[in-house]
Amino acid sequence: IILSIMGATMYFAGNIGEWNKGKKASAALREVYVAQRSYLADNPRKSVDSLTSNDLIQYLPSGGATLPQVEDLNGNSLSFDVTKSPPLLTEAGGGVYDPSGSSTDSLWDVGE
C-alpha cells in the first residue's frame, strides 16, 4: 500500500512540473500578446506580419528588456512568433510548439 501511494505521488508530482511550465508559458504568451496589441494600437498602419520582437519590448507590461524566456518540457528554449496574432511559441526548427494539443486550454497558448 505504501509503495502504491509513493508511486502515485511521484506520478502526480511529475505532472505538476509539466503543468507549471505550461502555466509559465501561457503567462509569457499573454504578456507578449498584450505588448503586441498595445504596439498595434499605437502604430495602426503596421501589419502584424511585419512585427519584430524589438518592436514589442517597450510595450511589455513587466517592463523587461527582452521578451520572456520559455522552455519546453525538456528544458529547450522556445521562441515567440510575433508575426501571428495571438503570438505562438516555436521550436528551434520553426515548428509551432503546443504539447497540450489544444488551442483553448490556456496552457502553452494564448487561447481564444
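How many aromatic pairs does a search of the whole structure find? The search finds one. The pair is formed by Tyr39 and Tyr59, whose ring centres lie 5.4 Å apart. The ring planes stand at 90°, so the geometry is edge-to-face. Tyr39 belongs to helix 1, which covers residues 2–42. Tyr59 sits in the loop between helix 2 (53–57) and strand 1. The pair therefore ties together parts that are 20 residues apart in sequence. Tyr39 is buried, with a relative accessible area of 9%. Tyr59 also counts as buried, at 18% relative accessibility; the cut-off for buried is under 20%.

The model is a predicted one. Its mean pLDDT is 86, and 89% of the residues reach 70 or more. Helix 1 has the lowest confidence, with a mean of 83. Helix 2 has the highest, at 95. Where pLDDT is low, the predicted coordinates should not be read in detail.

The protein contains two helices and three strands. From the N terminus on, these elements follow the order α-α-β-β-β. Of the 112 residues, 30% are buried. The accessible surface comes to about 7,100 Å². Carbon and sulfur atoms account for 54% of that surface. Among contacts with a separation of 6 or more, 52% join residues 24 or more positions apart.

A second ring contact involves a charged side chain. Arg37 lies over the face of Tyr33. The distance from the ring centre is 5.4 Å.

The three strands form an open sheet in the order 1-2-3, with antiparallel pairing. Strand 1 (70–71) and strand 3 (88–90) are the edge strands, and each pairs on one side only. Strand 2 spans residues 77–81 and is joined to strand 1 by two bridges. These two strands run antiparallel. In this pairing, Val70 stands opposite Leu78 of strand 2. Strand 2 and strand 3 are also antiparallel, and they pair over three bridges.

The hairpin of strand 1 and strand 2 has five residues between the strands. In this hairpin, Gly75 takes a positive phi near 90°. The hairpin of strand 2 and strand 3 has six residues between the strands. The loop between strand 2 and strand 3 holds Pro86. The peptide bond from Ser85 to Pro86 is cis, with omega near 0°. Most residues other than glycine have a negative phi, and most peptide bonds are trans.

Which residues does Leu107 contact, leaving aside its neighbours within four places in sequence? The partners are Trp19, Gly22, Lys23, Ser26, Asp98 and Ser100. Leu107 itself lies in the segment after strand 3. Leu107 and Trp19 are 88 residues apart in sequence. In space, their C-alpha atoms are 7.8 Å apart.

Is Val96 buried or exposed? At 54% relative accessibility, Val96 counts as exposed, the cut-off being over 50%. Beyond its neighbours within four places in sequence, Val96 is in contact with Leu88, Leu89, Thr90 and Glu91. Val96 and Phe80 are 16 residues apart in sequence. Their C-alpha atoms lie 9.5 Å apart in space.

Note on methods:
Residues numbered from 1 in each chain as written. Predicted model: local features only at pLDDT ≥ 70, side-chain atom pairs only at ≥ 80, totals over all residues. Heavy atoms only, no water. Pairing = 2+ DSSP bridges. Helix = DSSP H or I, 4+ residues; strand = E, 2+ residues; numbered from the N terminus. Buried < 20%, exposed > 50% of the residue type's maximum accessible area, 1.4 Å probe, protein only. Contact = heavy atoms within 4.5 Å. Areas by Shrake-Rupley, 256 points an atom, 1.4 Å probe, with all protein chains shown as cover. Phe/Tyr/Trp six-rings, centres within 6.5 Å; stacked < 30°, edge-to-face > 60°. Lys NZ or Arg CZ within 6 Å of the ring centre and 35° of its normal. pLDDT = per-residue confidence, 0-100.
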